[in-house]
Structure formats: C-alpha cells, structure tokens
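Please walk through this model, beginning with the packing of helices on a sheet and then moving to the whole chain and its surface.

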Amino acid sequence: MPASTPSRTSLPVADPALQMISEGICELLGFGISAINVVRGDELEVVAVHGFTSGLNARGRRQTAEEILGTRWALSDLRDNLSRGENWGSWRFVPQERVNLHEGSWVSTTNMIDAPDAWHPHDMLIAPILGDDGSIQGCLSVDMPVSGRRPDFTQRRVLNRFAKRAQRVVRGYLERERLYERAANLETAKEFLRDASSKLSLADVLDASHDALIRGLGADGIWMATKGPHNEMVVHATPGLDWDPDPALAALTSKNTSRYWAEGTYSILCRERLPGSEWGEQAVVANKFFETLGAESALVVPVGADHEWLGHIVLLRSPGRPTWTDAEGRLAMELGRDFGRIVLTANAYTQERDLAQQLAHADRERNRLIEAVARELRIPVNALGTSLNALAGEHTNTLPWIVQVETLTVRSAQIEGIVSDLLLLSRIRDPANAPGETTIEVSEMLDDVLDELDPDAAQKDIECVLTTPTGPAYVVGDPRELRAAFLHLAKNALTYSHRGSRVQVMLYSAGSEVTIIVADAGVGIAYEEQPEVFDPFYRGSNSALGGSRGAGLGLTLVEQITRRHHGLVELDSRPGEGTRVALTLPGVA
C-alpha cells in the first residue's frame, strides 16, 4: 500500500467526507486498510486513511494506519506502478511480481493464507483519480482483503461502483480546497483595500467625493452617474436636487460623454444656448432639467480610466453665478480622470468582496451538501456492509442467502436513487444547462409514470387514478426533468398514503396553462413544516406508511424543475387528512 514516512510534529486531521469514504472501503468492501491520496505538486499526500492493523514501511519500521495520515510519496512512483498494473476498470491491480517497492511502500504482515488466489503482502490495488483533462489528481489505495484472497470478478464490480462515487467526492474535496485558497487570496487583497480610502463602496465613494468636488470647482450642485461593479449605472446627486432621470436625456448624456472621453474634451452648457447645441435633440428635456434643479449653466465632464469610459459628472451653477470657463473645464477633466481611477478601484473592491461572499456561500453550501450526503448514505452503506458480512457466512441459494441478496439489491437501489437525484439536482442548478424544448403530451407521460409505480401501489393496495377532464394537454420542456418531477410527486403520495386508500392524479388544460394535481388522503404535513418542504434534504416529522422515506430531495427537484420550466408549484396539506400538490406549466396549443 503506498505511503511514506517523513517525520511530523503532530498528527493531521482527515476531512470528514473523505474519511467516511475510506471507512466505507474497509467496512463495505472488506479490506483491512484503505487510504485516499491527493496530488501536491510532484508528490501525493495521504489525506484520509482507515484501518486497524499495522505494517512495515520501506525502512522496516512498523507503522500504524493512523501514522500514515499526512505522509507523502512520489507521484512518479504512482505512475510507474499504474503502468505495471492490470486494468480492472477504475482500479489497477499490480501483482507482487510486477510491483515497484519504492521508498513510500507500506507492506502488510498479517492475514496471509495458503491458497492459489491468496493476496500477497506486496500486491497493490490502486484507483487513480483523474481530472477533466486526464491528469492525475490523486488515488485510492487498499490493502489486506479480509478474505485473504485477491478480489474475484463480482468483488471487482462492487469495487468499481464504489470507486466512481468516491472519485466524485474526492474531486469535490479538491475543488473546495481551491475555493479556500482563492478566498484566502481575496482576503489578503482586501487587507490592502481596507487601509485605502477606496475601500468604500461606489455609492460611498460618490458621497465622499461630493463635498471635495463642490469646494474644488465652485459648483452649486452635482449630478453624477458612473458604472457600478456590475456595469449598472450608479447615480448620485447633491442632496435636495430632486430629478427623476429622463431615459432619453440619460442616453444622450452617455452617448456624448463617451465621445468626450475618447476625444479628451468636455462640454459647457447654458440654458439659453441649448437648442443650437449638440444637446438640441433633447433641448426641451434638458431645459426642464435645469429648471427643476434651479441651475443656469452646467459643466459636463466624462469620467474614465485609461481607455475605458465610466460615466459622467454634471457640475451645476445657479443663476447669477459665473458661467463655466475652459480653464475650469480642463481642471474638471483632470478630476474626471482621477475620479475614474477611484471608481475602478471601488468597483474592483466590491467585485472582490462579492466574489468572496459568493465563495463563502458556495463553500457553506458544499459543506452542507457533503454532510447531508454523508448522513443519507451512511445508513444504506452500513446496511450493505452488514449484509455483505452476513452473506459471506451463508450457503449459496439458501433462504438466508436469498434474503441477504435482496437486502443488498434494495440498499444498492436506494444509494443509486440518492446519487441519481443528486446528479439531477446538480444539473438543473447549473445555469449553463438549459432545459430541453420537446413538445410533450402530458397525459401519456403521467400514464407512463403511474405504470412504473404500479408494483409499489399494488404492494400497499393503493388505487392510483389518472383523470383528464379536459383531454390531451401539451407543454414544451425537458422530458427527463418533467418526468422526474411527476414521478417524485406520485412517489410522495404513495409513500405517505394509508394502505387501501386512493391517490388521484388529475390533468387540466385551460387557456395557456396546464395543471397537474396529485392528491392523497394520507398523513399530511404539519402546518409549521410546510414552508420548508421544498428545501433540499428536508424531511418532515410524519412517518412514511409501509415504506422508507427518501433523502428529502423529491419536492426540491419538483419545485426547481417547475421553476426552470416557468411554472408554479402550490401545496395544500392538512395533517391527518392528506396532501394536494398542484403543478402549473405554460401550455401549447
């Protein structure tokens, strides 16, 4: 088993999600020790390890599994052994006669048996973890099979299924590490900004600059509009200047001042000379602007930095005050350039702050998702381990053996269902994945869904009735997503319905809308819990009737899929009486 032996002053702590994967490999797949390694430059670091025995390292010193955590070994040694191994799908098996026992090797010294397929202490079983570009990002490694034998074909299939899921978790761990690193870099950058005057938001910068511009240029009022951090226009005016920007005048001002910036010039406007100026096409509105603000003349200055136009400053003077001069205009141009750099810095700070907040939020969501997935998978994974252990002690095709196989099948299906729902949730949350646009006849899809659930309904003696009072109904959308939404609605109704009751599915088409209603007479949902039922992994306090509850993703998927299809979900539930969910989608003729 790969590992290495540098000296350390303290033992590191494994990531909980990775540690659970490592434990699962041992307990579910039947190995004495397992490790998860990730690439650090040209080395691999052991970031999670689980096992209850010890072995000898390359220097002959006995080492426990716990002591391996945090050690490193050469990436080149991994590549070398992978090239020597047999392809077992996601895994590479390196038999002892081909193994390159490198500096970081770890050799077990127990559980050896005398058999043709016995596991040799020098045997290696490694699953490389690859990035999207095919580069090695880490690996899973196992040693000391409990049986003492090399895995057979059936065990290899289980190993491959587990490796694929484990690899997704490890890649998520690495992505989370990158987010942490990026957030740390952002925090360092923000420390510099905190000590600068430009640390303020753009609105604060405009407020702070107001008095300086008034005093420096002798203006009676200022109207400023500059690009914000997300390219929106942020407007600031002297307190008391009540003016609702006219869209046409604002567009003309932006057009003219962007040209001023390119030409390095400005404009002096007087009320009596508006009609014949370049502002003539909006002279009436511009005159109203002067009148409303009580101004007689204006100095219009572009704001920018380098080659980028960022907005404009309109400096106002009241009647009786001197008209703006070219000297004041040139000075204002310098201020416009300085102010542009301040605006860019303020916007950069705001963007960095927002990005840091988004990263922090994404990290919290990722941690919450990992914790929830770990919680949901622990029960079926533990049950699989128990059944596998029990299966090993039973004779093939006996009743106890069949019972354990059935249990394994059910638990595997449960895990597959959770993973499928998670993949669908990830897909529909990705803005880059727009839903398909297939024309769907809804009644046919609903009929197909109820056919799929017919065995579950029959087991509980529940009658599922589909009624279409208004005949066929058509919507445009993604067939896979909409079918998943309908399936989860019907499954929920069956899960929480009493034996011998009825689940009604009704389809209505009225005007430009199609409505699907799923109603049951089951246990219902407590009133205080109803606002939370669409949250991911939320499961109410009411027990499922005659079946196990899901992972709490069903209504989340229903709500998000419906929203992606520009629809609406409405829930009406009465505790002890049942639940009615109405899903309304845009219809097509």
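Helix 6 (residues 247–263) lies across strand 13, strand 14 and strand 15, and runs at about 110 degrees to strand 15. Helices (H or I, at least four residues) and strands (E, at least two) are DSSP runs, numbered from the N terminus. Axes are lines fitted to C-alpha atoms, for helices over the stretch in contact, and angles run from 0 to 180 degrees between N-to-C directions. Helix 7 (residues 283–293) also packs on the sheet, where it touches strand 11 (221–227), strand 13, strand 14 and strand 15; its direction makes about 55 degrees with that of strand 15. Contact means heavy atoms within 4.5 Å.

This is a predicted model: local features need pLDDT of at least 70, side-chain atom pairs count only at pLDDT 80 or more, and totals for chains, interfaces and linings use all residues. Residues are numbered from 1 along each chain as its sequence is written, and side-chain values use heavy atoms, with hydrogens and water left out.

The sheet itself is open, with five strands in the order 12-11-15-14-13 and antiparallel pairing. Two strands pair if DSSP finds at least two bridges between them. Strand 12 (233–237) and strand 13 (267–270) are the edge strands, each pairing on one side only. From one strand to the next, the twist averages 15 degrees. Within the sheet, nine bridges join strand 14 (residues 297–305) to strand 15 (residues 308–317) in the antiparallel sense. Pro 302 has His 312, in strand 15, as its bridge partner.

The protein as a whole has 13 helices and 22 strands. Of its 589 residues, 47% count as buried (under 20% relative accessible area; exposed is over 50%, and partly exposed is in between, with a 1.4 Å probe and protein chains only). Among contacts between residues at least 6 apart in sequence, 71% join residues at least 24 apart.

Is Ser 90 buried or exposed? Ser 90 sits in the loop between strand 6 (86–88) and strand 7 (91–94), and counts as buried because its relative accessible area is 13%. Leaving aside residues up to four places away in sequence, Ser 90 touches Ile 126, Ala 127, Pro 128, Asn 160, Ala 163, Lys 164 and Gln 167.

Val 476, by comparison, belongs to strand 18 (residues 474–477) and is partly exposed, with a relative accessible area of 38%.
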